[in-house]
Amino acid sequence: MTHKILVLPGDGIGPEIVAEAVKVLNVFTAEGNLSVALEYANIGGIAYDKEGQPYPDSTRALAQKADAILLGAVGGPQYDTLDRPLRPERGLLAIRADLGLFANLRPAILYEELASASTLKPEVVAGLDIMIVRELTGGIYFGQPRGIRVLENGERQGFNSATYTESEIERIARVGFETAMKRNKRLCSVDKANVLEVCELWREIVEKVGKEYPEVELSHMYVDNAAMQLVRAPKQFDVIVTSNLFGDVLSDAAAMLTGSIGMLPSASLNSSACGLYEPIHGSAPDIAGQGIANPLATILSVAMLLRYSLNRPELAERVEAAVEKVLASGVRTGDIYTEGCRKIGTVAMGDAVVAALQG
Ligand code: NAD
Ligand code: IPM
Ligand code: MN
């Protein structure tokens, strides 16, 4: 069976890191172990430049037919003054909403060799293996009303709405519990129920769904405490389930526990098999075009693609093992570099993973 994979390189370092991730897929196809048809399309700033929209209809048509989507990153300072509906970030939000990708899995795993690359003490992060389950198509990112209005006194006021329906909470809670069942059976739901009504409902529904999973030890934590605990003692967590905005912030913090934001992959899933796979970091305009970005988060996103959309866990494991082997060999991109290692660029890192897969 040939799997249709839509590749959306996007902006900034997006094309550089995606090219390395595609090499990994090519290893498996060359071996005759995998059959994929890759199609390329535009998203984000490049889509606006070429087609006038950050999520053009042409991309949408391909996305809806794809078995899986591999995305680099979107955004850049040159787009920050565009009307909001035309901005690259809107393209990303649009594809997530369009495909109903409500469940965003962001695994923060510390590769042993990177213990000293983290800004935290090695003993705090050694053995770290957390899964953040972030709700991705609701909450304050999408709630209505939103905008900037002029008040009676002539002053402008910006406003957004943090909304969640019971069914939106229930389905992401279920993903949280199911994920915990496959791991160490501990789920921490992160909210701000002491202040926000939307979180009061969140907590109530998570509790209700929890009754169906008596084996899972459920706890609740306020988001401010969770941010502190992630830095103080991150290994206390197994699975975290949280809302869109809180998950966005906490996953960048969790990324730093693993050495670099350039290490964290993600899978965005709906209730069908099609998923979107992307690193959690952005387009890194400060290093774009220099050939120094870390492609490992995107390569590890390919592993997630193989596992969740193509149902090829054995290939996913090979990718993860290859990354481990490359790190053990002592090569590093700048973001994970520590003394005594050999610094290499984006392409050399991709080549090293390919060589490890072939070896
Ligand atoms: P960013 O994640 O792009 O960069 C933050 C810092 O991390 C930068 O110093 C960057 O150089 C570094 N970094 C990120 N990825 C790296 C990698 N693979 N290797 C080495 N270093 C890496 O976040 P930002 O600077 O806040 O945002 C830049 C642009 O990206 C903005 O337009 C933002 O909206 C967009 N963004 C997009 C996504 C996405 O496409 N999913 C995610 C976050 C931000
Ligand atoms: C991410 C990004 C996006 C988000 C932006 C670019 C819309 O930060 O994927 O983490 O906030 O979800
Ligand atoms: Mn983010």
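Me: Why is Asp 252 called partly exposed in this model?

Reply: Happy to walk through that. This is a predicted model, and in it Asp 252 has 15 C-beta neighbours inside 10 Å. Buried takes 20 or more, exposed takes 12 or fewer, and partly exposed covers what lies in between. The count of 15 falls between those limits, so Asp 252 counts as partly exposed. Asp 252 lies in helix H9. Setting aside neighbours within four places in sequence, Asp 252 is in contact with Ile 261 and Ile 280.

Me: What makes Asp 248 partly exposed?

Reply: Asp 248 has 18 C-beta neighbours inside 10 Å. Being buried would need 20 or more, so with 18 Asp 248 counts as partly exposed. Asp 248 sits in helix H9, residues 244–257. UniProt, in an unreviewed entry, places the feature "binding site" at Asp 224, Asp 248 and Asp 252.

Me: Which residues are around ligand 2?

Reply: Asp 248 is one of them; the others are Gly 75, Glu 89, Leu 92, Leu 93, Ile 280 and Gly 282. Helix H4 supplies the largest share of that shell, 3 residues.

Me: How do you know that the shell around ligand 2 has 2 charged residues?

Reply: Asp and Glu count as charged, and the shell includes Glu 89 and Asp 248. By class, that shell has 3 nonpolar, 2 polar and 2 charged residues.

Me: What does the shell around ligand 1 look like by class?

Reply: That shell divides into 11 nonpolar, 7 polar and 4 charged residues. Of the 22 residues around ligand 1, those that come nearest are Gly 75, Gly 262, His 281, Gly 282 and Asn 294.

Me: Is Ile 336 buried or exposed, and what makes it so?

Reply: Ile 336 has 24 other C-beta atoms within 10 Å. The cut-off for buried is 20 or more, so Ile 336 is buried. Its place is in the loop between strand E13 (331–332) and strand E14 (342–343). Leaving aside neighbours within four places in sequence, the contacts of Ile 336 include Leu 114, Ala 117, Gly 262, Met 263 and Asn 294. The C-alpha atoms of Ile 336 and Thr 258 are 9.4 Å apart, although 78 residues separate them along the chain.

Me: Where do the two domains run, and how many residues bring them into contact?

Reply: The assignment gives domain 1 as 1–114 + 262–359 and domain 2 as 129–257. Their C-alpha centres lie 24 Å apart, and 18 residues of domain 1 are in contact with 20 residues of domain 2. On the side of domain 1 that touches domain 2, the elements giving two or more residues are helix H4 (88–98) and strand E4 (103–109).

Notes: Residues numbered from 1 in each chain as written. Chains lettered and ligands numbered in written order. Predicted model: local features only at pLDDT ≥ 70, side-chain atom pairs only at ≥ 80, totals over all residues. Near = placed C-beta within 6 Å. Domains from an automatic or database assignment. Contact = placed C-beta atoms within 7 Å. Helix = DSSP H or I, 4+ residues; strand = E, 2+ residues; numbered from the N terminus. UniProt positions renumbered as here; feature names shortened; annotations may be inferred.
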